[in-house]
Every structure is written in structure tokens, then in C-alpha cells.
Amino acid sequence: MSEIGSFEEHDTVEKHVIRPPIPKALKKYWNNRYNLFSRFDEGIWLDYQSWYSVTPERVAYYIAQSIFESHQPELIIDAFSGCGGNTIQFAKFCPVISIELDPIKIAMAKHNLSVYKVPSSRVTFIQGDVLDVLRSIDFASQYRTVLFMSPPWGGPSYSGKSTYSLSDLIPYKFDVLYKAAFRITPYIAAFLPKNTDIDELAHYSTDKNRIVVTNFLYEGYSKAICCYFNMKNVLTSTALQQA
Ligand SMILES: C[S@@+](CC[C@H](N)C(=O)[O-])C[C@H]1O[C@@H](n2cnc3c(N)ncnc32)[C@H](O)[C@@H]1O
């Protein structure tokens, strides 16, 4: 695990940026690029995997705003930063710690933050395995902290399943992630597949602490959900035309 101050090896990083001609499998994501990043043409960098992993800008903004308005965190931990889709929006509201295994994605996230004019002091990136990093964090209790996670769902094939089990998340089952997060803060938000097994989710709910689920819709169809644990007063639902 290491904290990354600057990643100067632009040549290495740029080699991984997907540019036209766009691979066939990514065409539909490319066509949606301005929904992913409204400033795409100002030089956003995404590697292959991030094209289908990044949270669309309006969704990311809505999540950030919901967390901030309901909870006024002093610190947000973005447990799977990827190329920065969520981190950029969180940083508009408060300081962020962003965790990511892949140093190339961290370098791209830093670049994308600069496109959105986010001061570099606003986000601390920690490169490493999410569990190792979460287990090493011992300062978060000093702050009003919210932990957000958007773990990999296993690629685009998740949507073919009628029900998505929380045990299918990669590389760790949701329960493992939830326990590691809960050690840091009870205020947890998770971005999960639209077909997530609601009965499994309900295990994390108590009479005192109901789970709030926001369903993100596009043209009337659910695309993804965001679940808020132990957080009251979160805005409950929205339909985003261009999410
Ligand atoms: C769904 S993507 C996150 C996308 C991000 N929220 C965004 O909007 O740009 C999940 C990320 O988790 C990272 N990841 C996978 N395994 C990890 C691990 N063990 N520890 C930390 N990050 C990991 C992947 O490299 C990937 O970038």
C-alpha cells in the first residue's frame, strides 16, 4: 500500500487511455460519453475497464449531494475510486480519501480531477487493496465520515442475472466489505446493480436503522441502485433522464 503524491509517468498512463477508433464492445459507452463526463472533450482519460465501470456524472453528483445534505460529512472515503467518477463529485462537497488498487487508474483519476478543476489537496489517493487500506485507517473516527463503495460487479454480464447476490461482488463479498467499512464508520453507502437481491440487503436493516435505496432510472428503466446504511433523511428516489 502506498500513498501517491504524483505520478509523472504520463507516457505509461496515456498508453492505457482509450481513444478512437473505439473497440466495438465499448461503442455504446463511447456514445454515452457526455453523460459519463460533461467535460469529456476537455480531456477526460479512461482505461478500457473504466468505460463500463464509471458512475455517470449526474448520478455521481446526485449521490454526493444526497450524502452531503443528509449527513454533512467532514470526510468521505471513496473505497473504489476507479478513474474518479464519484471522487470528482464528492470533492465538490468535502475532503475525500480515495482508495484504488490500480495505479494507472489513480493517475487517470488525478488527471480527471484536474479537468474538473478540483484542487489536488482536496483528495488523498491511497493505492492498495481495499481491505488492507480500510484495516489500516485509524483516524476516521475523529471526523464525521461517510464511506462510499462502488465495487466491481463482475463486468457487464451482471445484468443477465435475474437476481444479483451480494456474494457475487468482486473481489470481496459485500458482507466482508460492509464489516471492514463499519469498523471505520456506520455511515455507509453502496452503489450496486439494479437487480441486487433485496432480501439479502434487508439483513443489514434494523427497526432503528432502515436502509434507504435510491433507484436510478434511465428512460423508465432501472440502471443501478445506491443503498444508504444507518443514514437517515437521505433523499429517496429520482428519475434521471440522462443517467
Ligand atoms: C466500479 S469501479 C469504480 C468506479 C468509480 N466509482 C468511478 O465512478 O469512476 C471499481 C474499481 O475497483 C477497483 N478495485 C478492484 N479490486 C480492488 C481492490 N481489491 N482494492 C481496491 N480497488 C479495487 C477496480 O480497479 C475499479 O477501478
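Y62, W153, Y158, F191 and F216 form one aromatic cluster. The model is predicted. Across the whole structure, a search finds 21 aromatic pairs. One of them joins Y29 and Y52. This pair bridges distant parts of the chain, 23 residues apart. Y29 sits in helix α2 (residues 27–31), while Y52 sits in the loop between α4 (48–51) and α5 (57–71). Y52 also pairs with Y48.

A pair of aromatic rings is described by the distance of the centres and the angle of the planes. The table gives both values for these two pairs.

| Pair | Centre to centre | Angle between planes | Class |
|---|---|---|---|
| Y29 and Y52 | 6.2 Å | 50 degrees | tilted |
| Y48 and Y52 | 6.4 Å | 80 degrees | edge-to-face |

The Y48 and Y52 planes stand at 80 degrees, and edge-to-face means over 60, so that class applies. Are these tyrosines buried or exposed? Y29 has a relative accessible area of 18%, so Y29 is buried, the limit being under 20%. Y52 is partly exposed, at 31%. Y48 is partly exposed too, at 37%.

Another aromatic contact involves a charge. R39 lies over the face of Y116, 5.1 Å from the ring centre.

### The nonpolar core

In soluble globular proteins, nonpolar side chains tend to be buried together. Here the largest nonpolar core has 85 residues. Which of them touch the most other members? They are I63, I77, M149 and F229. Helix α7 (residues 103–115) gives the most to this core, with 7 residues.

### Helix α7

Of the 13 residues of α7, 10 are buried. They include I104, I106, M108 and L113, but also K105, H111 and N112. D102 caps the N-terminal end: a side-chain oxygen lies 2.9 Å from the backbone nitrogen of I104. After the helix comes K117, with a positive phi near 60 degrees.

### The loop at S81

S81 lies in the loop between β2 (75–78) and α6 (85–90). S81 counts as buried because its relative accessibility is 5%. Leaving out residues up to four places away in sequence, S81 touches T87, S98, I99, E100 and F125. S81 and I126 are 45 residues apart in sequence, yet their C-alpha atoms are 9.6 Å apart.

Technical notes
Residues are numbered from 1 along each chain as its sequence is written. This is a predicted model: local features need pLDDT of at least 70, side-chain atom pairs count only at pLDDT 80 or more; totals for chains, interfaces and linings use all residues. Side-chain values use heavy atoms; hydrogens and water are left out. A nonpolar core is a set of buried Ala, Val, Leu, Ile, Met, Phe, Trp, Tyr and Cys residues joined through side-chain atoms within 4.5 Å. Buried means under 20% relative accessible area, exposed over 50%, partly exposed in between (1.4 Å probe, protein chains only). Helices (H or I, at least four residues) and strands (E, at least two) are DSSP runs, numbered from the N terminus. A polar contact is a pair of N or O atoms within 3.5 Å; within protein, one must be able to donate a hydrogen and the other to accept it, and residues adjacent in sequence count only if both atoms are side-chain atoms. Contact means heavy atoms within 4.5 Å. Rings of Phe, Tyr and Trp (its six-membered ring) pair if their centres lie within 6.5 Å; planes under 30 degrees apart count as stacked, over 60 as edge-to-face and the rest as tilted. A charge sits over a ring if NZ of Lys or CZ of Arg is within 6 Å of the ring centre and within 35 degrees of the ring normal.
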